[in-house]
Amino acid sequence: MRRPTAPLTALALALTLALTGCGAKVSDDGKHAAKPSGHYPVTVENCGTRTTYDKAPGRVVTNDVGITEIMFALGLENRMAGYVMPDNVGNLDAVPWKAAYDKVPRLSNKAITREMALDARADLVFAGWNYGFGEDNGLTPASLKKLGIGSYVLTESCHHGADGSARGVMPPLEALYTDLETLGKIFDVEDRAAALVKRYKKQVADAAAKAPAPAERPSVFLYDDGRDKPLTSGKYAGPHDIITKAGGDHTMKDLKDSWTTVGWETVVARNPEVIVINNYGDTSAAQKKAFLTSYPPLANVSAIKHHRIYVMDYADLVESPRNPAAISDLARYLRGVRAAG
């Protein structure tokens with residue numbers, strides 16, 4: 001079903017905006033813009049595109065939980081016009097950013113659209129490829145630019161490969177740190193960004209220091225959903241670093257993609273000792289576990305035979321400021337698995 005187009009007044013307003021209105025313009029010469037005084041103008045690179053900001057955006061619309069919480073972690077809720085997020089992302093009352101969630105309006109629990117950005121008078125949309133942006137839905141940085149709205153693409157989701165279909169250009173935690181540092185420059189909160197990155201790196205290092213030797217690490221498969229073919233994580237999605245830094249051997253570490261599908265025969269052949277379930281979507285974690293434990297081809301897989309299934313929330317597994325804590329929690333579980341033999 002097609003969503004209704006934006007009201008004419010909103011469209012007319014948006015068409016009067018220029019990217020300089022939100023303080024952003026694409027850099028033409030590929031060089032850093034000079035800074036005659038103060039912090040601005042500042043030029044950053046995001047997923048291969050260089051953009052110069054003359055001032056900080058003031059009406060940002062974010063898509064999805066991890067992206068929204070990156071803004072909150074940087075203390076940028078006062079720079080936001082709203083967020084778009086489905087209902088099935090877990091309990092938001094228990095997160096460190098509850099006050100920010102209470103302050104910033106939730107624009108929709110459906111898919112983000114250009115109309116939402118227009119109605120919110122957004123000057124920047126922060127989303128990712130298949131995390132809101134997509135050629136199929138017509139919401140792209142190029143389409144928003146025509147409306148005078150800037151874009152920032154989640155680094156975990158950057159396109160790569162000959163045909164541009166695969167996603168991810170760097171290790172997941174590096175993507176998180178990159179986005180924090182880049183957004184710190186855009187919004188002139190570099191000190192906050194540096195402090196967060198320092199804290200997160202220490203938290204991850206503390207967990208990794210307790211990990212077993214590589215030869216003793218339990219193998220781990222990430223199961224998102226899917227019956228005919230499982231949706232899982234390649235080396236460029238959050239679970240890869242979460243599993244690896246927590247002391248596990250990621251069974252799909254050779255997949256040069258972020259979130260993608262594989263065949264069940266591959267899962268069986270790699271025989272993971274632990275399966276991590278992504279608690280997300282219309283299918284509950286309990287339903288996913290029931291499927292895995294009753295699916296005949298998996299009957300002899302080590303994780304199923306020994307009942308080693310661990311559930312993690314979606315917001316822990318996508319690029320987000322929850323990743324370091326998720327690593328610490330999974331590390332404790334994996335140490336218990338290895339101790340049990």
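A nonpolar core is a set of buried Ala, Val, Leu, Ile, Met, Phe, Trp, Tyr and Cys residues joined through side-chain atoms within 4.5 Å, where buried means under 20% relative accessible area and exposed over 50% (1.4 Å probe, protein chains only). The model is predicted, so local features need pLDDT of at least 70 and side-chain atom pairs count only at pLDDT 80 or more, while totals for chains, interfaces and linings use all residues. Residues are numbered from 1 along each chain as its sequence is written, and side-chain values use heavy atoms, with hydrogens and water left out.

In the largest nonpolar core, which has 64 residues, Phe126, Phe187 and Leu330 touch the most other members. Leaving aside residues up to four places away in sequence, Phe187 is in contact (heavy atoms within 4.5 Å) with Tyr40, Ala56, Pro57, Val60, Met71, Leu76, Arg79 and Leu124. A second, separate core of 18 residues includes Val84, Met116, Val125 and Phe133.

Val125 also stands opposite Ser151 in strand S9. Helices (H or I, at least four residues) and strands (E, at least two) are DSSP runs, numbered from the N terminus. Strands S7 (residues 124-129) and S9 pair (at least two DSSP bridges) in the parallel sense over 4 bridges.

In helix H7 (residues 190-209), Ala193, Leu196, Val197, Tyr200, Val204 and Ala207 are buried. These residues lie on the same side of H7 because they cover an arc of only 100 degrees around the axis, taken from the directions from the helix axis to the C-beta atoms. They pack against helices H2 (65-73), H6 (172-186), H8 (238-245) and H13 (323-340). The face turned away from the buried side of H7 carries the exposed residues Asp191, Lys198, Lys202 and Ala209.

Key. The expected span of a helix is 1.5 Å times one less than its number of residues.
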